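Subject: Handover of a structure

Hello,

I am passing on the structure below, and my notes come after it. Please read them with the model open.

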Amino acid sequence: MKRKLIAVTACATGIAHTYMAEKALRKAAKEMDVLIKVETQGATGIGNRLNEKDVQIGEAVIFATDTKVRDSERFAGKKILDINVSDPIKDAKKVIKDALALADK
Amino acid sequence: MSKSFWKELEKHIMTGISYMIPVVIAGAVLMAISRIGASAFGISNIWDEKWATNSNAIIQFLHTDDGWGGLALGLMFPIISGFISYSIADKGGIAPGMIAGVLVANMNAGFLGALASGLIAGYTAKFMFDHIHLPEAMKSVVPVFLVPVLGSLITLILIQYVVGGPFAALNSGLASWLKSMTGVNKVLLAAIVGGMVGFDLGGPVNKAAVTTAMALLTSGVYDPNTAAQVAIIIPPIGLGLATIINNKKFSPELNEAGKASFIMGLIGVSEGAIPFAIESPLKVIPINVVGSALGSAIAVGLGAVNKAPISGFYGWFAVDNWPIYVLGIFVGSAFVTGATLLVRKNAVVEEDNSATEIDEDQDNDFSEEEWES
């Protein structure tokens, strides 16, 4: 069974970083053979919204956000890696490694 | 502890700014439409009451529209204050934050006043949520009564009697100081604003400079806005041009990003330059800062005045002294292009590093069955 993560990305303007971070995470996850669902909280609204089941399945949550995560009560009780939106754009593989390590703790 | 506190603080402020931006854009552009429209009739004070009863229906409308712009901009401080507070204390923070934000707007205590009221309201509300423990039957008294009423009252008292006055004085002092600036100081100011805008391409430093410049528009201070609007588009245009002139110096991804960046620059979005800043920040950021500062200094120093918060090309010709304005953009962009090409070596052609492709039209890269297995 593959490892599974969930993530939320958000930046202040919600048009550039949010989606760059999403792409970077998905690409790195694919290369590392990890399944990841990424929710984007951008200017046009919430994309690929994570539902209750997704939250349950994800071993850890990555918050790659510069602003407040909307509806963050969904993730109550989960292990959360709280980082800047620019971190996955710089090195997404490290972010995923960190999230997996957090999940193993 | 202290480092994460500052990171939290930044997050709260960025959240407030992200909710404020659409309000500022709406208000400022409505106002710009009215003022640019009015200048076609040779009117320079469209906000004056006398135009409300003008025989020309278009002029009447332009006057009304200016008022709408003012209404929208009046929401700027309540919104940023309310959403900073929301970021800190969740839903319960919004009421005290917005109410105190209206007081900030009325007292003319400016951007700093709004930051203060948002933070005070948010932390007050959070403190109450965390520390007031009532018996189960009365629990709902906290969110429906105590936080809205006491939270607002405490914040309002602190804004009205403690921080509001000094910030209002600072704000009006700043506006009149900026208005009175001439010669070298004016050019220096433009260069500083330009440099701040070019520094992080839509990040906190950029947003602080741009929103302050836009807020000053309402006080009739135009130079910071002129500088900011010039600076916004210089990095994306300059870097885009560099990829077009010599694509050997960039990776295939950056060449793609360069075209998009150039177009985003023309329509006034500085974020197009971000991929370059991420790839080699130590080269790109100083060049952007100098290029933006240079362009802003030229435009403002030689007398261009942009009264609208519009940086895209469709706004260029509404600028007073527009040829000089365009010259500023051109020189700044040319500096970024030239300097970038000078410091970059030819890109190493990498072994097909795009082996991993993701389908951007899909939300996920696997099936629901695999996810749930």
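Predicted model: local features only at pLDDT ≥ 70, side-chain atom pairs only at ≥ 80, totals over all residues.

Residues are numbered from 1 along each chain as its sequence is written, while chains are lettered from A and ligands numbered from 1 in the order in which they are written.

Chain A

UniProt, in an unreviewed entry, lists residues 5-101 of chain A as "domain: PTS EIIB type-2"; such annotations may be inferred rather than shown by experiment. This span is 38% helix and 27% strand, and its end C-alpha atoms lie 11 Å apart. Helices (H or I, at least four residues) and strands (E, at least two) are DSSP runs, numbered from the N terminus.

Helix α3 of chain A (residues 86-104) has a kink of about 105°, centred on A:Ala92. The bend at a residue is the angle between axes fitted to the seven residues ending there and the seven starting there. A:Ala92 is also among the buried residues of α3(A), together with A:Pro88, A:Ile89, A:Val95, A:Ile96 and A:Ala99. Buried stands for 20 or more other C-beta atoms within 10 Å of a residue's own, exposed for 12 or fewer, and partly exposed for values in between, with C-beta atoms placed from the backbone. The cover over these buried residues includes β1 (4-10), α1 (17-31), β4 (61-65) and β5 (80-83) of chain A, and also α11 (274-279) of chain B.

Contact between the chains

Two residues are in contact if their C-beta atoms, placed from the backbone, lie within 7 Å. The contact takes 21 residues from chain A and 22 from chain B. On the chain B side, α1 (2-40), α11 and α14 (368-372) each supply at least two residues. The largest share, 6 residues, comes from α1(B).

Domains of chain B

An automatic or database assignment gives domain 1 (2-179) and domain 2 (183-343) in chain B. Their centres, taken over C-alpha atoms, are 28 Å apart. In chain B, 16 residues of domain 1 are in contact with 18 residues of domain 2. On the domain 1 side, α1(B) gives the most, with 9 residues.

B:Trp177 is found in helix α6 of chain B (residues 141-179). Is B:Trp177 buried or exposed? B:Trp177 counts as exposed because it has 12 C-beta neighbours inside 10 Å.

Regards
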